[in-house]
Amino acid sequence: MGLFLDRRRMIASAQDFDLTSQSADDCPYDDNEAVCYHEAGHAVSAIILNVRFDHVSAIHSDEYRTGGRVAFGDHPCDWRLVNGSSIDHAANYCISLMAGMAAQLRWQGNEADLKTCGVNDRDALDTACILIAAKNLIAAQRDSREVKLIKAWAWREACLMMANPRACRAVCSLARHLDISEQETATENDVAEIVAAEKVTYKPKRFSSRLLFVE
């Protein structure tokens, strides 16, 4: 049963990017309910941010080393295609990558072990951030200042989004659907209907490339 962090604590957690700064060799997903909330966070945020995907699944995958995943299909929002999109779209994708952990944090509270989940999310985020920096003619490395700034911005926006009560309710609705559904999947249209039913409105703070040039 989730603890549900209150909005005040959730907003405060947005300042602590150390929660997502460490990677792990393995990503144990023994709690299917936690998987459902994690993947629901990705999918709901993607709808809010207009990041296209095919379906969301809470089915374990040895191939992807995850307990579930958001499948992008032929839609141009995979991190490998971020370089061909606008900076705003790429930045929104970064938020969506962090929204899984943010949703898990909101649901599980201090029981959420964010340093042993979302390994693939963090790897994809590193690549996306490097590509965003390249759009600004900056040759950034994984541990560079520029990448850390974008990652911290994405984590903060993901936490603030999950602190939104309507977004949180949408995540809960989708997580319950994934948990009780025999197929443990939902299409993009299914998720869009859930978000629309909750009348979710959230607009992240616009990513500014000036952030990368501050001394």
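**A walk through the helices**

Tyr 37 and Trp 107 are both buried, meaning under 20% relative accessible area, with exposed set at over 50% and partly exposed in between (1.4 Å probe, protein chains only). Before going on, a word on the model: it is predicted, so local features need pLDDT of at least 70 and side-chain atom pairs count only at pLDDT 80 or more, while totals for chains, interfaces and linings use all residues. Residues are numbered from 1 along each chain as its sequence is written, and side-chain values use heavy atoms, with hydrogens and water left out.

Back to those two rings. A search of the whole structure turns up 1 aromatic pair, and Tyr 37 with Trp 107 makes a stacked one, at 4.5 Å centre to centre and 10 degrees between the planes. For the cut-offs, rings of Phe, Tyr and Trp (its six-membered ring) pair if their centres lie within 6.5 Å; planes under 30 degrees apart are stacked, over 60 edge-to-face, and the rest tilted. The pair ties together distant parts of the chain, with Tyr 37 in helix H2 (residues 32-49) and Trp 107 in helix H3 (residues 87-108), 70 residues apart. Helices (H or I, at least four residues) and strands (E, at least two) are DSSP runs, numbered from the N terminus.

Next comes H4. Its 17 residues reach 25 Å from first C-alpha to last, close to the 24 Å expected at 1.5 Å a residue; the expected span is 1.5 Å times one less than the number of residues. Among its buried residues are Val 119, Leu 125, Cys 129 and Ile 132, and the cover over the buried set includes H2, H3 and H5. Asp 126 also sits in this helix (residues 119-135), and it counts as buried because its relative accessibility is 6%. Leaving aside neighbours within four places in sequence, Asp 126 is in contact with Arg 142, Val 147 and Lys 151, where contact means heavy atoms within 4.5 Å.

Helix H6 (residues 165-180) is up next: its 16 residues should span 22 Å, and its end C-alpha atoms are 23 Å apart, which agrees. Its buried residues include Ala 167, Cys 168, Cys 172 and Leu 178. Covering the buried residues of H6 are, among others, H2, strand E1 (55-57), H3 and helix H5 (145-163).

What about the cysteines? The structure holds 0 disulfides, a disulfide being a pair of cysteine sulfur atoms within 2.5 Å. Cys 172 is in none, and the nearest cysteine sulfur, that of Cys 168, is 4.3 Å away. Cys 172 counts as buried because its relative accessibility is 9%, and Cys 36 is buried too, at 0%.
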